Amino acid sequence: MYKDIIAENFIEEEILKDLESGRSKEVITRCPPEPSGYWHIGHCKAWIIDFETANKFGGYTNLRMDDTNPTKEDGDFANSYVKDLEWLGYTPKNVIYASESYFEKIYEIAENMIKNGDAYVCELTPEEVSNTRGTLTEPGTNSPYRDRPIEESLQMFRDMRAGKYEDGKVTLRAKIDMAHPNMNMRDPVMYRVMRAHHYKTGDKWCIYPMYDFAHPMEDALEGVTYSLCDISFEDHRPLYDWFIEHGWGKPYPPRQIEFSKLNLENVLLGKRYLKKLVNEGKVLGWDDPRYLTIVGMRRRGYTAKAIKDFIKSLGLSKSDSTIPFNALEFYVRNDLNNIATRAMAVLDPVKVVITNYKGSELCEMQNNPNIEDAGVHTMTFSDTIYIDSDDFSLNPPPKYNRLVLGGMVRLKGAYIIKCNNVVYKEDGTIDYLECEYIPNSKSGNDTSGLKVKGTIHFVSADNCTEVTIRNFKNLIKDEYLDPSKALAEGVDVDEILEPDSMTESKALVENFLTSAQVEDKFQFMRKGYYTLDKDSTKDNLIFNHTISLKDGFKVK
RNA sequence: UGGAGUGUCGCCAAGCGGUAAGGCCCGGGAUUCUGACUCCCGUAUUCGUAGGUUCGAAUCCUACCACUUCAGCCA
């Protein structure tokens, strides 16, 4: 059944080899978040790989909360993952809480390992453990408790569970090799004493397994065959394999394979920094449209398809890479172009009076010219309209084919107009433009024979509503390609933040937009893509500027 | 002489001994009632460096160089 599968990346190649050699029989993966923060685009890469890989080989993926540290976790996060995954279009086969499903079994495995002489209870303090670990170039030294009798360790471990030791006093350690060149193999801690209320298991446990021990056991107990993770766990693989061998020891063991993580230029992803900005009120929340969290991107107007297409376009490798932000934007525009409803919106209005026209009439407007059956909606053309200020110029640059004094331009979906006069206010600014329309030039019925170079958008005074637009710039100043690194090096948060990265402005939009629902996506013609924000009220619609259209017009 | 990993176009990335895919970005052109979309065309004599093996190497061998990463009772 896998014979006709063609591997498209190194992970799939490895899987294929395993399947052929009989090392594994099926492809079951897991997406294992620790419920301690919101997901961002970096996590997305991992989840996409987990789901797409399993799916390709006819397997499945579980969502498993890797909740082994109660001091950092919260059930609300766990719930958010289920929602995020659903939005991304992935359905986990099972939603599992490691604490709830595996803690008892992992404990049993630990006892067995003690009995087999593979683990011992150590009474070194955290500081002593650290001091005896050695350095990158020097071996560590054995714990004085390393060779205590098995029976003694077993009893002490049971006492640990029974709550007879204070937090931090004792640990269960794997007996491996304190001189191992890989620091992870120098008798790593398997269990620590920690009295903290767990969001799932409450106060049932006062000892909790460490990630390095718990993860492989969870994978094995769950039947996961491929534990795909980012490259930072590469050094842990020997330990993963050691625990599988000494703690599990059954056929078809799970295999960990690592891939490089996603880095984006100029984007802040560090959990603690995102949290800091949220707490200090510098952003709207975890779902701030400037954040690359799943909820943030969603609120901004990015689509799940765009995010997935982007990540898939990157390919899969183990080399360090940092992707320019515009690579993501390409896929956002691409998808939005296909699904966004077209609408007219004037962001900076200039009033235009059509001197040879009275009243109003309806015009048809395609909802989406790229989709055959997207239908049309009507808008009105009348004697008073608004156009955008940058579509009119008194001193036009070369090749400017919008409206100029004495020139003609087409109003998208309506008539060709000619500007005859500019009426000024007392302060010298433009009050309004006097234009004439060409009667037989209506879109769809144009018999004027006129050819105009430009087409601009407009909104009719009798058919428009004022709305609020939220405009975004990158949260981080351009010069900080790696903001997390800058922060880690001590640069102040306020220094790396782009001032005024979110601004509000007003716009005049077609009336039909008043029936838009939150997250509905529109293309404001010739401007960009906008999404209705959840902060909208009946009287004040707020549109988030998702992304601009590409602008091929270059002055000079 | 700690360990592990990575080095192919500005950014990603195929390539798996037979003579450098593709995408993004960029440049040029066509089309256009969105200066969008779409469509053409262009962009590495060269694969971290130096040797070697071979009829033939980005692919094999040797050495070197650069970068990333690991010393939580975090995950």
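Which polar backbone atom lies 2.9 Å from a phosphate oxygen of RNA strand B?

A: The atom in question belongs to Tyr 211: a polar backbone atom of this residue is 2.9 Å from a phosphate oxygen of RNA strand B. The model is predicted, and the predictor assigns the complex an ipTM of 0.96 and a pTM of 0.96. For chain A, the mean pLDDT is 96, with 99% of the residues at 70 or more.

Asn 337 places a polar side-chain atom 2.9 Å from a sugar or linking oxygen of RNA strand B. Considering the atoms of RNA strand B within 4 Å of the protein, 62% are part of sugar or phosphate, and the rest are part of bases.

The surroundings of the strand may now be described as a whole. RNA strand B is surrounded by 63 residues, of which the closest are Ser 317, Arg 342, Arg 402, Lys 412 and Ser 443.

Several elements of secondary structure take part. At least two residues each come from α5 (126–131), β6 (189–193), β11 (322–323) and α12 (325–339). Of these, α12 provides the largest share of the surface near RNA strand B, namely five residues.

Notes:
Residues are numbered from 1 along each chain as its sequence is written. Chains are lettered from A and ligands numbered from 1 in the order in which they are written. This is a predicted model: local features need pLDDT of at least 70, side-chain atom pairs count only at pLDDT 80 or more; totals for chains, interfaces and linings use all residues. Side-chain values use heavy atoms; hydrogens and water are left out. A residue is near a molecule or strand if one of its heavy atoms lies within 4 Å of it. A polar contact is a pair of N or O atoms within 3.5 Å; within protein, one must be able to donate a hydrogen and the other to accept it, and residues adjacent in sequence count only if both atoms are side-chain atoms. Helices (H or I, at least four residues) and strands (E, at least two) are DSSP runs, numbered from the N terminus. pLDDT is the predictor's confidence in each residue, from 0 to 100.
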